[in-house]
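Open the model in your viewer and keep the sequence panel beside it. The stops below say what to select and what is found there.

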Amino acid sequence: MTRLLVLGMLDTKPMSGYDIQQALRMTDAERWGGVLIGSIYHALKKLEKDGYIAIDKVEQTGHRQKFTYRITEEGKKHLKDLVREALTSSSVQYPSSLYTGISFFDKLSVEEARQALEQQQMTLGNEYRSVQAGWKEKEAAIEGDIPPMVQLVFDNMFATIRQQQDFVEKALMYLEKNDQ
C-alpha cells in the first residue's frame with residue numbers, strides 16, 4: 001500500500017518525502033491505508049532504485065538537501081498495476097483477535113468477559129469518533145466538496161465500525177442472557 005499511495009500522490013504532482021508524509025498524516029492514512037508514515041523514505045528510495053520515480057529537483061535548506069520526486073513513465077505503468085491489484089485482491093478483514101477471544105470467553109468469569117467486551121465497546125466508540133473527526137477535518141480542508149469515492153470510503157468505514165459495535169452488543173446480550 002505504501003508504494004501505491006506514494007506513486008498515486010506523485011502522479012498528481014512532484015513532492016518531497018516530507019510533503020508526502022504530511023499529506024498522508026493529514027488524511028490519517030495509517031488508519032485506513034495500513035501505511036506506516038515513517039516508511040515513506042524507505043519506499044521512496046526503493047521506488048527510485050526500481051526506476052518508478054526520479055528526483056525532480058534538489059533544494060538546499062540549511063545544512064540539508066530536500067529532494068522532490070516525480071513519477072516516471074515506468075512508474076505510471078506500475079501505478080496502474082498496483083491500483084488494479086488493490087481493487088481485485090480480497091478486502092475482507094476479520095477481527096481475528098476478537099473472534100478468538102469470543103471463542104474462548106468461557107475461560108473467564110462472566111464478569112471478566114463482560115468487562116472485556118465493554119472495553120471493546122469503548123475502543124470501537126473511540127475509533128468511530130476518530131474517523132468522524134478525520135471526516136470533519138477532510139470536509140473542512142476541501143470546503144465540503146467531498147469526491148464521491150472518498151465519501152464512499154468514509155461511509156464504509158463508519159458501517160464497518162457500526163457492524164463491529166453491533167456484534168459486541170450481541171455478545172454482551174448473550175452473556176447477560178446466559179448469566180441468569
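Helices (H or I, at least four residues) and strands (E, at least two) are DSSP runs, numbered from the N terminus. The model is predicted, so local features need pLDDT of at least 70 and side-chain atom pairs count only at pLDDT 80 or more, while totals for chains, interfaces and linings use all residues. Residues are numbered from 1 along each chain as its sequence is written, and side-chain values use heavy atoms, with hydrogens and water left out.

**Stop 1: the second largest pocket.** Select Ser16, Gly17, Tyr18, Tyr41, Leu44, Lys45, Thr61, Arg64, Gln65, Lys66, Phe67 and Tyr69, which line the second largest pocket. On a 1 Å grid over the protein atoms alone, a pocket is an open set of points where a 1.4 Å probe fits, with protein on both sides within 12 Å along at least five of seven lines; lining residues have an atom within 4 Å of a point. The space in this pocket is about 220 Å³. At least two lining residues come from each of helix H2 (17–26), helix H4 and strand S3 (64–71). The most come from S3, which supplies five. The lining has five nonpolar, four polar and three charged residues (Ala, Val, Leu, Ile, Met, Phe, Trp, Tyr, Cys and Pro count as nonpolar, Asp, Glu, Lys and Arg as charged, and the others, Gly among them, as polar).

**Stop 2: H1 against H4.** Now select helix H1 (residues 2–12) and helix H4 (residues 40–49), whose axes come within 10 Å and cross at roughly 75°. Axes are lines fitted to C-alpha atoms, for helices over the stretch in contact, and angles run from 0 to 180 degrees between N-to-C directions. H1 and H4 are therefore roughly perpendicular (65 to 115 degrees). Show the side chains of Thr2, Arg3, Val6, Leu7 and Leu10 on H1 and of Ile40, Ala43, Leu44, Lys46 and Leu47 on H4, which make the contact (heavy atoms within 4.5 Å). By class, seven of these contact residues are nonpolar, one is polar and two are charged.

**Stop 3: Thr2.** Beyond its neighbours within four places in sequence, Thr2 touches Val35, Ser39, Ile40 and Ala43.

**Stop 4: Ala86.** Finish at Ala86 in helix H5 (residues 73–88). Ala86 is partly exposed, with a relative accessible area of 28%. Neighbours within four places aside, Ala86 is in contact with Met1 and Leu4. The C-alpha atoms of Ala86 and Leu4 are 8.7 Å apart, across 82 residues of chain.

Conventions: Angles under 35 degrees count as roughly parallel, over 145 as roughly antiparallel, 65 to 115 as roughly perpendicular and the rest as oblique. Buried means under 20% relative accessible area, exposed over 50%, partly exposed in between (1.4 Å probe, protein chains only). Grid points are joined across faces, edges and corners, and a volume is the space filled by probe spheres set on the points.
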